[in-house]
Amino acid sequence: MHSTATMASLPSLFDLTGQRALVTGAASGLGLAIAEALLEAGAEVVLSDSDAPALDAEVQRLRKTYTKVQQRVIDVSDGAEVDRHLDVIAAEGPIDCVFANAGMSAGRGFLAEQGRLENVDPAAWEKVLQVNLTGVLTTLRAASRHMKPRGQGRIIVTSSIAGLRSEAHSGYAYVASKAAVNNVVRQAAIELAPFNILVNAIAPGPFATGINGGRLRLPESAERMRTYIPLGRIAQPHEIQGLALLLASPASSYMTGAIIPIDGGASAR
Ligand SMILES: NC(=O)c1ccc[n+]([C@@H]2O[C@H](COP(=O)([O-])OP(=O)(O)OC[C@H]3O[C@@H](n4cnc5c(N)ncnc54)[C@H](O)[C@@H]3O)[C@@H](O)[C@H]2O)c1
């Protein structure tokens, strides 16, 4: 008979007490919701973002409820800066979990004139890839460097369903960066498996956050998504929390290299 004797109690499967986590892009939207979930589960959390005032405002708010909150201004498009900050965070204590979440939009997809192939701006293309792809790679690299000697760690990347298939509403640089990130996640998961470092990606569909100037918070976006999303609505940021907690916690001890959609059914079409 298969035994469940070694299974932890259900609440402890999702308990992060004593763990330390870093979340990039945590001043807003999904990163902020993820950081709050980790704090609620008992982790010490370093929130980081390139937007210093927004980060400070959110961290001050969180400090009213949680004691184990830190902040660090990090621009993930600067690899040397990522390395330097990760070294400092690791010197202060072990890093158990890193969410490489920071990302940016590439504007409209080809349904709009400015999103068509002939209008792809090379400088804007480079900038999006620098943040969404190179930023993830450098975060992964720095995180794994500190996790390897400990023989444990979790790295969770915020990708997108726009990296799983074509996505008419998203710009070329965005879909390219997220598709590339998915394979970086798979590749790193295989390389890091012998070190017991689990690497997974969350692939959200539309969430009402600040991305792309907060366009997904507008009523006309909600209307458009009603037919596009099987569940018929745009998600709220807190709806990312269950999956984020699963991937950061003991509950997902046998999961690595997975790209998990959380999209109201959109990618199932
Ligand atoms: N909201 C959605 O519908 C959606 C869907 C799929 C994927 N995503 C992904 O989710 C992640 C979070 O986006 P969001 O929707 O919460 O948007 P958001 O704009 O609300 O939050 C993104 C945060 O990242 C920060 N950031 C941007 N560039 C940065 C950089 N170079 N270094 C550090 N921080 C930086 C921003 O300041 C902001 O606080 C992104 O990777 C995005 O691509 C979002």
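The second largest pocket comes in at about 180 Å³, and 14 residues line it. Keep in mind that this is a predicted model: local features need pLDDT of at least 70, side-chain atom pairs count only at pLDDT 80 or more, and totals for chains, interfaces and linings use all residues. Residues are numbered from 1 along each chain as its sequence is written, and side-chain values use heavy atoms, with hydrogens and water left out.

**Second largest pocket**
- Closest to the centre of this pocket are Ala 106, Gln 114, Asn 119, Val 120 and Asp 121.
- A pocket here is an open set of points on a 1 Å grid over the protein atoms alone, where a 1.4 Å probe fits, with protein on both sides within 12 Å along at least five of seven lines; lining residues have an atom within 4 Å of a point.
- Volume means the space filled by probe spheres set on the points, which are joined across faces, edges and corners.
- The lining splits into six nonpolar, five polar and three charged residues, with Gly counted as polar and Tyr as nonpolar.

**Largest pocket**
- About 1,000 Å³ of space lies in the largest pocket.
- Of its 47 lining residues, Gly 103, Met 104, Ser 105, Tyr 174 and Ile 211 are the closest to the centre.

**Ligand**
- The ligand sits in the largest pocket, meaning that more than half of its atoms lie within 2 Å of the pocket's grid points.
- Around the ligand are 29 residues, with Ser 28, Leu 30, Asp 49, Tyr 174 and Thr 209 coming nearest; the cut-off is a heavy atom within 4 Å.
- H2 (29–40) and H6 (172–192) each supply at least two residues of this shell.
- A polar side-chain atom of Ser 28 is 2.5 Å from a ligand oxygen.
- For Leu 30, a backbone N or O atom lies 2.8 Å from an oxygen atom of the ligand.

How values were computed. Polar contact = N/O pair within 3.5 Å; in protein donor to acceptor, adjacent residues only side chain to side chain. Helix = DSSP H or I, 4+ residues; strand = E, 2+ residues; numbered from the N terminus.
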